[in-house]
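Subject: Structure handover and notes

Hello,

Here is the structure for your files.

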Amino acid sequence: MTTQITPLIAGNWKMNGISASLGEVRRLAEMLATGEAPRCTIAICPPATLLSQLNAIAAPSGIVIGGQDCHPMPSGAHTGDISAHMLADAGAQCVIVGHSERRARYGETDDLVRGKAVAAMTAGLIPIICVGETEAERQSGRAEEVVSSQLANSVPEQIGQLGIVVAYEPVWAIGTGVTPTSDDIAQMHGTIRRLLTERYGETGARTRILYGGSMKPANAREILAIENVNGGLIGGASLLANDFHAIISAV
Ligand code: PEP
């Protein structure tokens, strides 16, 4: 892990969670209050329906809340969509954009993801921009080419004061229990770091690069120790306070 960057452990609840699930956040807040001070920033990205309620519970513990997606426009006739301004108004400080589930199921292109990232920054949110190759792309030896291209086209030309976060999430590792080898993670994160630094200089060198894909208490310590891994984007294991706390403690 690059020591001068404060790691970020971000939970992505996806389409999981109703008000009854907030008990897990209360438990997490209790664990954080009684244990060692966390050595990372903690974020939870719940469904939008829970943002305000979750913020009221999480904010006193320093837990940041975020959205899972946003529309590129600030408002308008976009039924069912949520703008970055609305997320900010509900208390969000960050938003995931370009998650592979949205890229694959809703045909989100790099251009659209870049537009969402710009909208997030305009609203004062930090975009967590996801990139990652499919299994077929890795097997055909194209993983670096795919991720480099996503990075080049999904990350905006200008990065504001708050910065951005990049999440490397190999699609085949999400929700499968399978993870890349440490060497493969190190190689991809090294490539992302090089590309960010070439393009953005010092800002790129300081940008957090998260790993995401089946990170669990059992493998978190090893993954988080890899060079240029500045935290994790956690799906399934963020839903239970015990598991999420164990990952936070692994930093
Ligand atoms: C994700 O969807 O961002 C993710 C990392 O999921 P999981 O941890 O469940 O693999």
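Predicted model: local features only at pLDDT ≥ 70, side-chain atom pairs only at ≥ 80, totals over all residues.

Cores

The largest nonpolar core has 63 residues, and Ile 9 and Ile 192 are those with the most contacts inside it. Apart from neighbours within four places in sequence, Ile 192 is in contact with Val 131, Val 147, Leu 151, Val 166, Tyr 168 and Ile 209. There is also a second, separate core of 13 residues, with Ala 10, Ala 43, Cys 45 and Leu 210 among them. As general background, nonpolar side chains in soluble globular proteins tend to be buried together.

Helix 5 and helix 7

Helix 5 covers residues 110-122 and helix 7 covers residues 143-154; their axes are 8 Å apart and the packing angle is about 45°. Helix 5 makes the contact through Asp 110, Asp 111, Val 113, Arg 114 and Ala 117, while helix 7 contributes Ser 149, Gln 150, Asn 153 and Ser 154. Sorted by class, this contact has two nonpolar, four polar and three charged residues.

Helix 10

In helix 10 (residues 217-224), the buried residues are Asn 219, Ala 220, Ile 223 and Leu 224. Viewed down the helix axis they fall within an arc of 125°, so they line one face of helix 10.

What do the buried residues of helix 10 pack against? Their partners are strand 1 (8-12), helix 8 (182-200), strand 7 (208-212), strand 8 (231-234) and helix 11 (241-249).

Thr 191 has its place in helix 8. Its relative accessible area is 10%; the cut-off for buried is under 20%, so Thr 191 counts as buried. Not counting residues up to four places away in sequence, Thr 191 touches Glu 144 and Ser 148.

Ala 186 also lies in helix 8. With a relative accessible area of 30%, Ala 186 is partly exposed. The C-alpha atoms of Ala 186 and Ile 129 are separated by 19 Å, and these residues are 57 residues apart along the chain.

Regards

Notes. Residues numbered from 1 in each chain as written. Heavy atoms only, no water. Axes fitted to C-alpha atoms, helices over the stretch in contact; angles between N-to-C directions. Helix = DSSP H or I, 4+ residues; strand = E, 2+ residues; numbered from the N terminus. Contact = heavy atoms within 4.5 Å. Nonpolar A, V, L, I, M, F, W, Y, C, P; charged D, E, K, R; others polar. Buried < 20%, exposed > 50% of the residue type's maximum accessible area, 1.4 Å probe, protein only. Arc of directions from axis to C-beta. Core = buried A, V, L, I, M, F, W, Y, C linked by side-chain atoms within 4.5 Å.
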